[in-house]
Structure formats: structure tokens, C-alpha cells
Amino acid sequence: MDAEYTVTTAAGRVRGTASPRSESGGVAVYRGVPYAAAPFREDRFAAPAPAAPWDGVRDCTSFGPPPPQGNQLLGAAPWTPGTSLDCLSLNVWTAAREGDRAPVLVWIHGGAYIVGAASEITYDGTRLAESGLVVVGINYRLGFEGFGHVPGRPDNRGLLDQAAALRWVRENVSAFGGDPDNVTVAGESAGAGSVACLMASPRVRGLFRRAIAHSVPGDMLTPDTARLVSERIAAAAGVPLEAEALAALAPEKLLEATDAVLDSAPSGGSGGVRTKPFTCFAPVVGGPDLPEAPLEAVARGAASGVDLLVGHNAHEYRLFTELGQSVEIDDESALAVTASRLGLGEDAVAAYRSVHPGATLRELFAAIQGDALFCEYTVRFAEAHAAAGGRAHFFRLAAESPAMEGRLGACHAFDLPFAFGNLDTDFGRFLLDGEPSEAHRALSGRMVAAWRDFAATGDPGWPAVTAGATAVKVWDADDLLHASDSSPVRALWAGVALAPR
């Protein structure tokens, strides 16, 4: 990188700019760098193709366009039918120079596999770059474009995009001062689910050395379920389930058809809690790129050479129940029906009530659903990885949001502004109900340092999980370290299979 922020990549030269968020002025940012060709026209529903090389210096001072997505879910990026479809780009934040060997962190955003973009200010990598990392944030295909089953085309195209971005990092990150042999892939929510899938994928072995996964969703699909979802979307769009017919549809038509399917979906089944799903997509298990479920893969040691930092927040599902998801619960028996469908026993609701005395039915539902979707899978993933010989460090975020009179608690995504050091963004101020306190800033500093140290050395600063004990780092105003996981409801989940649906 020279004085004009110009770097030479394999496809051509790129020009970045000084990061406006850098306190030291020493961080450069390169926005909208293409790592693959636009996945449309002849490349619609195909594996990502290489980006075309260019002559001269490409200006990379503005973010690339987000992938097609609707606006029905928190975290959606602004997208319209007029948005460019050249969406497979990435962003690089670095204070290093060519010839340095800084640890690299590749960020995969969340958003239920249907929304999001690497351009979100929450994911600005400036603070992490100031700590000594080279940070790469990537866009990837979402919704039907990225995860819908299309006959004759590869499933999990969003995961294939992520793998292509990792190959770009392998080939190019040294020009930005990064070490291609010390790459950590990281993500939250759907991004964490993607990280788990990449750990299980035989096609990306060797492209990263470490993994960070916050709030890993256990939601995966079988090929049969994925095909059923696509059949319904194709029917709603008025076309047969054929690649050519689907490729002839504009992206917004598939978004509309997906919304129609979600709107008509059952609301939880007879007798249980009535809710509306907010996504019908997830990684598909059973193909060449993801031949087995990630939990099964790590349990047999498929990723034992990858260091893992993984954890979840204490009140994951409150983000959804408090910010827009329709939830109707007639009485405690309805909650018991839903708990039974999740695989829990007859005493589950009573057990949760004993842990959360005075909780409303809605709060109990949030606790059960959060464990079902995120918490149990996350800790089980850490334990399976450790039991198979891998190194895993586990955390739980207990610090709570003061927003909305405290109803959000330690909700899903509350960790993000802390881990990125971006408490002063709009999302951070919303979750903190104003400006961050000194205690919040101190917690953020500790989390940034843990990411930095883990990416650099594989050690975030607390003991690893062993086959006999799950050590837990508890992030709070005053951190705690438990020698083993004492969560009182984990026994309820012991016999519940977390398999693709």
C-alpha cells in the first residue's frame, strides 16, 4: 500500500481511502472490491465465477451494492430493483503494509440467510484494524438466490460465495499486510451458521486456521425440505421448478414469492404458540459442499485442526419477541405443546419457570425458543469440537441492554457493537439507550482484545473446553469465569436431537 492507498491485487490495482472512523488516522479502507463476477445473467444460480480483471486503478472508496433482499427483517440493507446486481464484493480495513504479517479476520454477516450486507456500520472494521488485525467483510448471495434449491444447480450458493471470498483472501491479503496463513473466519447468527458449515465443508480445508462463531443457529435443511420450499416459491411465482424458468424471473419476483410463502406458512401448529416464521432458508445438508451436518462433522474430528471461539447471549430470542415478531400464546398448555414439538419433556415449562420465576408466558417462550435455536446448539458445537480433539473456547454474554426498559436483556446481536468496538453507531446507541458508559467501553475493549488475541494466537485469554468440563467466560460489567457450564436447563436438552429438518 502506497501513500495514495493503492494496492495491487491479482485482478488489478485498487485505490482505497483513509477510514473516517480511525482515531489514529492510520487505518485504510478498501470498499467494494470484487472477489467474483456478478452472479446473474448466464451465472444465475451457478457457483461463483472469477471477477474479470481490469486495467488501470479501480476506485474502491464506496461500498459495493448489497445482494437482492427484502426489507421485512431487522438488519436488511437498502435494495431496490434498480440496484446493481454486481454484489459479490468485499471490504478491507488495514493499518498494516505490504510485507507485514498481520492476523486476518474475515467477517460473514448475519441476517437469517435473507438480509444483510458487509457495508453495515456495525461491521466497520476500523477498531479491529487499529488493534492489529486486517479485517475483511464480505457480501454473499441471500434468500432464494443464495440458498434456494434449483434443479441442476448447486445448493448453498451463498456458502460457495463465502468460500470464493476466502480464496480471494488467500491470494490477495498479503498485499494489504495480512498473513494468508493466519486467517480467522468469523460470523454471528446466520454468519455463525455459515462458519460452522465452512468448518464442515471438505472444499475449503486449509483456507482458514481459526473460527469465531457468535450465536450459532442450529437450523439446517435436508434436500427434501429444501426442494419442498422451492416448489412452494416457484408455485407462488407462477413458474415450474426449473432452472431456466426461475432464472428468467427478476430478483424482486422471487423476493415477492418468498414473502407470499412465508405469509401463508402455518403459525406454529394447532394448540401451540402462534408465530410467523421470518425465513424459510438455511444451509442444505447432503451435497458435495456440505455432505454432513456441521455438528456431526466436528464430532468426528473433521475440523479438529481449526481453533474455535464460540458463544451466545443470555437472552437470544428477546430481539425477535420484543422487536416485531408476532407471538400469540393462549395459556401455559399452548407453551407446553410448543416445547414438546421442540423435543422437550412434559416438565420443561415448569423447569423453565423455576429458573425464571415471575416470567410472563411470552418471556418463557423467548427463553425456550432462544435455547432451541441458538444456545444449545452453540454450546454443543463447542463441546463436540473439543471432544474430537479440537481447541474450543466458550463464552456467554450476560451484559444486558438498558433499552426498552430493559426488556431486550442480553438479546441476539447485542454482542456485535461490543466485539467490533462500534458502540457509537446508531445501532449501538439504540441498544445502549444512548451514549455508552465507561463500563460499556471497558467491556468492548475486552471483547475486541479477545478477538484480536484469538485471531493472532488461538488463545482469547481463558481456558479451553475439555472433554470433561465446559469452561465458560461470562462477559458482563464484571466478567466471570466458570470452570464448567452450570446452566440449569441444559439437562432438559440432553436427549434432543439437533438434526437438519
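The model is predicted, so local features are kept only at pLDDT of at least 70 and side-chain atom pairs count only at pLDDT 80 or more, while totals for chains, interfaces and linings use all residues. Residues are numbered from 1 along each chain as its sequence is written, and side-chain values use heavy atoms, with hydrogens and water left out. Helices (H or I, at least four residues) and strands (E, at least two) are DSSP runs, numbered from the N terminus.

Start with the sheets. An open sheet of 11 strands, with mixed pairing, runs in the order E3-E4-E6-E8-E7-E9-E10-E12-E14-E15-E16; two strands pair if DSSP finds at least two bridges between them. At the edges sit strand E3 (17-18) and strand E16 (480-482), and each of these pairs on one side only. Helix H12 (residues 361-387) touches strand E12 (307-313) and strand E14 (392-397), and its direction makes about 160° with that of E12. Helix H15 (residues 438-457) touches several strands, among them strand E7 (102-108), strand E9 (178-188) and strand E10 (210-214), and its direction makes about 150° with that of E10. Contact here means heavy atoms within 4.5 Å. Axes are lines fitted to C-alpha atoms, for helices over the stretch in contact, and angles run from 0 to 180 degrees between N-to-C directions.

At the E3 end of the sheet, E3 and E4 run antiparallel and are joined by 2 bridges; the bridge partner of Ala18 in E4 is Ala28. Ala28 also has a bridge partner in E6, namely Thr94. Strand E4 (residues 28-34) pairs with E6 in the antiparallel sense over 5 bridges, and Tyr30 has Val92 as its bridge partner in E6.

Buried means under 20% relative accessible area, exposed over 50%, and partly exposed in between (1.4 Å probe, protein chains only). Strand E6 (residues 89-94) is mostly covered too, with 6 of its 6 residues buried. Both of its faces are covered: Ser89, Asn91 and Trp93 lie on one side, Leu90, Val92 and Thr94 on the other.

There is also an open sheet of 3 strands, in the order E1-E2-E5 and with mixed pairing. Strand E1 (6-8) and strand E5 (57-59) stand at its edges with a single partner strand each, so one side of each has no neighbour in the sheet. Neighbouring strands here are turned by 30° against each other on average, direction ignored. E1 pairs with strand E2 (residues 13-15) in the antiparallel sense over 3 bridges, and Thr8 stands opposite Arg13 in E2.

Now for the core. In soluble globular proteins, nonpolar side chains tend to be buried together. A nonpolar core is a set of buried Ala, Val, Leu, Ile, Met, Phe, Trp, Tyr and Cys residues joined through side-chain atoms within 4.5 Å. The largest one in this model has 163 residues, and those with the most contacts inside it are Tyr35, Met199, Phe208, Ile233, Leu246 and Trp451. Its largest share, 13 residues, comes from H12. Leaving aside neighbours within four places in sequence, Phe208 is in contact with Leu166, Val183, Val185, Leu198, Met199 and Val306.

Finally, the helix pairs. The axes of helix H5 (residues 223-237) and helix H7 (residues 251-263) come within 8 Å and cross at roughly 115°. Residues making the contact include Ile233 of H5 and Leu254 of H7. The axes of helix H3 (residues 157-172) and H4 come within 11 Å and cross at roughly 70°. Leu159, Gln162 and Leu166 of H3 meet Ser194, Cys197 and Leu198 of H4. Helix H4 (residues 190-200) also holds Gly191, which is buried with a relative accessible area of 0%. Not counting residues up to four places away in sequence, Gly191 touches Ile108, His109 and Gly110.
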